[in-house]
Amino acid sequence: MKVTLERAFALPASADQAWKLLADVERVAACMPGARISERLDERHFKGTVAVKFGPASLNFRGELEVLTLEPGSRTLQLRGKGTDASGGSAAALDLTARIEGKDAAASTLVGRGEASMSGKAAAFGARVADPVAQQVLQQFALNFIAELGARAASGAGPGAGSEAPPAASAAAPARPLNGLALLWAVVRSWLRSLLGARGT
Amino acid sequence: MADTAELREREQKLQGMGASLLRKEDARFIRGQGTYIDDLKLPGMLFGAIVRSPYAHARITSIDKARALASPGVVAVLTADDLKPVNLHWMPTAGGDVQAVLADKKVCFQYQEVAMVLATDRFAAYDGAALVEVIYDELPAITDPKKALAPGAPVIREDIADKKDVGHGPRTHPNHVFTWEAGNKAAADAAFKGAAVTVREEILNPRVHPCPLETCGCVASFNKATGYLTVYVTSQIPHLFRTVLAMLSGLAESKIRVVGGDIGGGFGNKVPIYPGYVVATVASIVTGVPVKWIESRIDNISTTGFARDYHGVGELAADQDGRIKGLRFTALADHGAFNSHVSASKLPAGLFSICTGSYAIPNAYCRVDAVYTNKAPGGVAYRCSLRVTEAVYLIERMMDVLAQKVGVDKAEIRRRNFVQAEQFPYTTSLGWTLDSGAYHAALAKVLKAVDYEALRREQAAKRADPDCPTLMGIGISTFTEIVGAGPTKVCDILGIGLFDSCDIRVHPTGAVIARLGTMSQGQGHATTYSQIIATELGLPASDIVIEEGDTDKAPYGAGTWGSRSTPVAGAAAATAARKIKDKARKIAAHLLEVGEGDLEWEIDRFKVKGNPSQAKTMKEICLVSHTGNLPPGMEQGLNAVAYYDPPNLTFPFGAYLCVVDIDKFTGETKVRRFYALDDCGTRINPMVIEGQIHGGLTEAFAVAMGQQLPFDENGNHLGNSLMDYFLPTAMETPHWETDHTVTPSPHHPIGAKGVAESPHVGGIPCFSNAVIDAFAHLGVTHMDMPHSSYRVWQKCQELGVNKRPGDV
């Protein structure tokens, strides 16, 4: 079971500022709802978890994150994440390519392409909502990313500021699992919209 | 002379064969007082939770138990490496293959058993299971059996890649299990060459699951002090289970006791021996305390006991009138990752060769190629004898295909090809000898009951009306089943013949206890067996207690599956009762001071011919048999044991008719009428039979209209919960009309044939034939099951029948 996503998000920061954040893999992970880096194995390998909760069901993926490419020239980050959830008999893998495209001194674009594959229960139950769920996860990620950028700008982010933990949304994000109910509502809403949209045209 | 009213009263008192005696089991079931495996709580019992693979095909790089072992309540974590020292990480299968008990370096299907976490309660066990860290390296998976034998296909079973044979003849590819064939290919091919009409259709029996309400489970309890092992288990075959446990564990079989308590439905799912049972047993032997393992619903549907997955091709050759001259049926069988499917040693494709059905077909050939895929292993007989549903589905579908090609009515094509009543016993071209039958009479009775001609007229009128919002379909199935495995010369499992047994002990007061080698899972054995014995012995059924499933008490038997209980154990019960009756006759002659030949039997007593006032009732004889007043040399007691090896299988049959109305715009299929006539030979308890038929038809409806286990290309199981898997409730289930004829089996002591599976086997093609018949006038000859509304709607869409006037 695979889901492929391509999205672009406008960022309220210069390409260099945005790249600085994107290149900080641990920070980027913290922007991912439900995700947490638990251990840094080396420059390019991390251990971490992703928690997803849907009503009474919860999935706790534990696995590894590998940085395949970190290229300042093209401002491109390539990641591969892989994890399993033993209790539920689920596994997931994510291949993500993210790139910052410059616009002007205060604006840039985050272009992302992700391919997620799921196995086990996540596939059996998730198949019918995988696509909209992935869209929503990405949307929340982008919002967190933008908030983090804003927080850095507000705290007068200069060189080195990235290593201080800013007290913004990003700090709260890792503690909270991906909120199933809010997510579900967002999914239903976007599905309804697409339905109405389709009828309207 | 006894008047008829008195005789009738005495007979009614017995509640013997033919009486609709209420089921003895139900008193506890309806009170919620059945004892199922999960009700069992033994002191100090641990609970085992299985860690399963999320991948269909992967190498196991590492397993880290540390965090699980640190979790509260966790006692131990077992993996294949822990079972290796006792050589139980793999186990042999009935199919001649081996199966991983816990995955050994590699997983070959999704949800495969990788480790078992033992903890003080089930919650701690599941929490612990979540903490076992298994690192996998995913491999490409095969889920389509048609791709399994491709050159360069991923090798699923590296452990046997070099083996030329896994139990059933030469292999041609690492993913090939066996090729089996029956019949005369040259003769069949010749029949096709010269035939006026030939038809061919690809027909799928999709992968389904019996899905009993109670999932599988066990409590294994090993006593280190005595060396005795007791296993309480959801098994349809307690005695064979014990034998296999003895072979696996090395314990003396006499020190193993297997107990099957109340079982909440089996339908074939509870025949195999699953890894969960074996790990729980090993865990108990190692720890010396009882260990319980219970499947979840998802575990049950995903890993234990799937059925079917036969990708068939049917071909018939006939003359211009539709009289069949030749049959060629082949099937590609998906056996999953291990060949652990349930079969008798000499019958790798089960009883598939019953595929000539109720018809006199002079030349026939069939062949089955079995392959490995990355799906759950096995293949059980879901409410049928092995591969009989597949065979009957093929022939009953092909009869309709042939009728459409020749242009004759679907009832008429059957009449033209039936084996005639006077031809029985009839030996088919594939070698089975059908014991008895009256096919024309059965079909005629059904057609008359439903006014078939009027239904066809209504259908023609609806087809002629472009404004009719529905498509009407009429399905017919005139099937012959093969049950009662079986003659030891034909069938064995692990070398043990499939006979069955009955041990009857008569107490001084005339109360009886009888123990049999079968195992009820809801069939009502406690009722029907007691009725057989009641009639044979003239003692009331109410005082006859039936015991099964405890191997310490019951005599050896092959269990309950394949509708074998009445044909085999029922025969053993009658035979044992007759031994007792023979002894009772001697006692009666002694008491009445006449010769045995001067006595005649009347309901519940022996009386002297010509002097009916001189009689001894069975009750009187029971007491005397426990005194010294016996013929010289005779021992006390009225006990007997019988082992019954059937001379042949039995062949119940039936004629079913189904009328459906399909909504052209939604694809919704309404079953307007389902008329089922069954002939199971002598009828023991009409009410129990009707219940069996209702259950079998409901499961046929389930398979035909909604059940399937779908997979994606990576081997993900996409239908393993009741959210997706169709289990009909009273809401969806149609109304059933039942009828019967009685054609006793000539070789069975009481003429009974078995009935539980006929409605499932015969019902599935009847539903399919009805749905497809609704589209027959549009040139449709076949649609694969399940006929869900969505799939039927797709067909309406494809054919354009759902266009309203004015639609573009």
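Okay, let's start at Thr287(B), which sits in helix α8 of chain B, residues 275-287. When I say helix I mean a DSSP run of H or I with at least four residues, a strand is a run of E with at least two, and both are numbered from the N terminus. Before I go on: this is a predicted model, so to speak of a local feature I need pLDDT of at least 70, side-chain atom pairs count only at pLDDT 80 or more, and totals for chains, interfaces and linings use all residues. Residues are numbered from 1 along each chain as its sequence is written, and chains are lettered from A in the order in which they are written.

Now, chain B as a whole. You'll find 19 helices and 32 strands in it. Its C-alpha atoms fill a box of roughly 90 × 75 × 50 Å along the principal axes. The radius of gyration is 28 Å, which agrees with the value near 28 Å for a compact globule of 808 residues; that is taken over C-alpha atoms, and the rule is 2.2 Å times the number of residues to the power 0.38. Of those 808 residues, 56% are buried.

What about the inside? The largest nonpolar core has 285 residues, and Val117(B), Ile533(B) and Ala573(B) have the most contacts inside it. A core here is a set of buried Ala, Val, Leu, Ile, Met, Phe, Trp, Tyr and Cys joined through C-beta atoms within 7 Å. Leaving aside neighbours within four places in sequence, the contacts of Ala573(B) include Cys502(B), Leu516(B) and Tyr529(B); contact means C-beta atoms, placed from the backbone, within 7 Å.

Chain A, then. It has 6 helices and 8 strands, and 37% of its 201 residues count as buried.

Where do the chains meet? On the B side 21 residues are in contact with 14 residues of chain A. The elements of chain B giving two or more residues to that side are β1 (46-52), α5 (122-129) and β8 (133-138), and β8(B) has the largest share, with 3 residues.

Methods
Two residues are in contact if their C-beta atoms, placed from the backbone, lie within 7 Å. A residue is buried if 20 or more other C-beta atoms lie within 10 Å of its own, exposed if 12 or fewer, and partly exposed in between; C-beta atoms are placed from the backbone.
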